[in-house]
Amino acid sequence: MNATRLPPLSYSNLTTFAACQKQYELRYLSALGWPLIPAGDAVASEEAEHLGNLFHLAVEQRANDQDVSLLLNESPKLHAWWLAFLRNRFDRPQGHVWHEARLGLPFGDERILVVMDRLQNIDGQWTVWDWKTGRQFQREALGKSWQTRLYRFALAQAGQIFNAGEPIPPAAITMAYWSAEHDRIERFPYDAEAYAADGQAILLAIGKLHVARTAGFPMTGLGTACDAKGRPCSFVPLCLGTTGANDLMAETWEPDGDPVREPDDDPFV
Ligand code: SF4
């Protein structure tokens, strides 16, 4: 066994690494829990995360023909999301569908792991669906996110396990996000050029991960990720001491509401 092997690359840990190398180390390689201490409005954050997780559970249960009414009674917000879900007929998907589809693959001395909320194949056109329950839903950020890049790449690189052994061409793949809060869909088609660029970007990220590991994962979040979007990093007391922590924790922060679902969560999108 390779003792220095990194955790599988996920969109969550790649996003974290891009924000701060130290946060990546503390979150994914140390024995410290995440979050180390609650940041901002912890109660609102936990509630939003709870509802997001319940919504994903309801989708999965409905796909297995289970009754979800009890689960939905947890909250009016959950009901509203579910009604929007039904209005879109997402409960009756066409074609061939996989839920919570996991795809792991070796790439560039490391492994990639993606967990797709729903994978759908209609006549050779493949859509990776992701349900977003947070308030933030910005097309530009989604398009540039590691989730969009990693999921489409993984499917083009190793999607043959879903396709009777046949590779899935990049041009047949689309990443689609649906916002439960805004009832809006954003689609991101793929192509060979973007596939090649993503492969290079992932290899570059792997190289940077290896360099950072050799350097002991220096702090790079100072001035940015420590207080990203007014959301203080939970490791501030470790890195900046209690004075820095008090300064940042005093600032206003609102939860974005998307569930934290290891190993493939994304705290930023
Ligand atoms: S407090 Fe700042 S430097 Fe420390 S892990 Fe968090 S983002 Fe990185």
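Trainee: Which residue in E2 is the bridge partner of Ala101?
Mentor: The bridge partner of Ala101 in E2 is Met116. Please keep in mind that this is a predicted model.

Trainee: How do E1 and E2 run, and how many bridges join them?
Mentor: E1 and E2 run antiparallel, and 11 bridges join them. The two strands form a hairpin with two residues between them. In that turn, Gly108 has a positive phi of about 55°.

Trainee: What about E2 and E3, in which sense do they pair?
Mentor: The pairing of E2 with E3 is antiparallel and extends over five bridges. Within it, Leu119 has Val128 of E3 as its bridge partner.

Trainee: Which residue takes a positive phi in the hairpin of E2 and E3?
Mentor: Asp123 does, with a phi near 50°. This hairpin has two residues between the strands.

Trainee: And E3 with E4, parallel or antiparallel?
Mentor: Strand E3, residues 125-132, and strand E4, residues 173-179, pair in the parallel sense over seven bridges. One of the bridge pairs joins Asp130 to Tyr177 in E4.

Trainee: What is the strand order of the sheet overall?
Mentor: The order is E1-E2-E3-E4-E5 in an open sheet of five strands, with mixed pairing.

Trainee: Which strands stand at the edges?
Mentor: Strand E1 (96-107) and strand E5 (184-189) do. Each has a single partner strand, so one side of each is left without a neighbour in the sheet. From one strand to the next, the twist averages 35°.

Trainee: What holds paired strands together in general?
Mentor: Strands of a sheet pair through backbone hydrogen bonds, in either the parallel or the antiparallel sense.

Trainee: Moving to the helices, which strands does H7 lie across?
Mentor: H7 lies across E1, E2 (110-122), E3, E4 and E5. Relative to E1, H7 runs at about 85°.

Trainee: At what angle do H7 and H8 cross?
Mentor: The axes of H7 and helix H8, residues 192-215, cross at roughly 110° and come within 10 Å. That makes H7 roughly perpendicular to H8.

Trainee: Which residues make that contact?
Mentor: H7 contributes Arg149, Phe153 and Ala156, while H8 contributes Tyr195, Asp198, Gly199, Ala201 and Ile202. The contact of H7 with H8 has five nonpolar, one polar and two charged residues.

Trainee: How far apart are the axes of H1 and H7?
Mentor: The axes of helix H1 (residues 11-19) and helix H7 (residues 146-158) are 9 Å apart, and the helices pack at an angle of about 140°. H1 and H7 are therefore oblique to each other.

Trainee: Is that crossing left-handed or right-handed?
Mentor: The crossing of H1 and H7 is right-handed. Tyr11, Leu14 and Thr15 of H1 make the contact with Trp146, Gln147 and Leu150 of H7. By class, this contact of H1 with H7 has four nonpolar, two polar and no charged residues.

Trainee: What angle do H1 and H2 pack at?
Mentor: H1 and H2 pack at about 140°, with their axes 5 Å apart. H1 is therefore oblique to H2. In this contact, Asn13, Thr16, Phe17 and Ala19 of H1 meet Gln21, Gln23, Tyr24, Arg27 and Tyr28 of H2. The residues of the contact of H1 with H2 comprise four nonpolar, four polar and one charged.

Trainee: Now the ligand: how many residues surround it?
Mentor: The ligand is surrounded by 14 residues, of which the closest are Cys20, Gly221, Cys226, Cys233 and Cys239. Helix H2 (21-29) and helix H9 (236-249) are the elements that give two or more residues to this shell.

Trainee: How does the shell divide by class?
Mentor: The shell around the ligand has 11 nonpolar, two polar and one charged residues.

Notes: Residues are numbered from 1 along each chain as its sequence is written. This is a predicted model: local features need pLDDT of at least 70, side-chain atom pairs count only at pLDDT 80 or more; totals for chains, interfaces and linings use all residues. A residue is near a molecule or strand if its C-beta atom, placed from the backbone, lies within 6 Å of it. Helices (H or I, at least four residues) and strands (E, at least two) are DSSP runs, numbered from the N terminus. Ala, Val, Leu, Ile, Met, Phe, Trp, Tyr, Cys and Pro count as nonpolar, Asp, Glu, Lys and Arg as charged, and the others, Gly among them, as polar. Axes are lines fitted to C-alpha atoms, for helices over the stretch in contact, and angles run from 0 to 180 degrees between N-to-C directions. Angles under 35 degrees count as roughly parallel, over 145 as roughly antiparallel, 65 to 115 as roughly perpendicular and the rest as oblique. A crossing is left-handed if the near helix is turned anticlockwise from the far one by less than a right angle, and right-handed if clockwise. Two residues are in contact if their C-beta atoms, placed from the backbone, lie within 7 Å. Two strands pair if DSSP finds at least two bridges between them.
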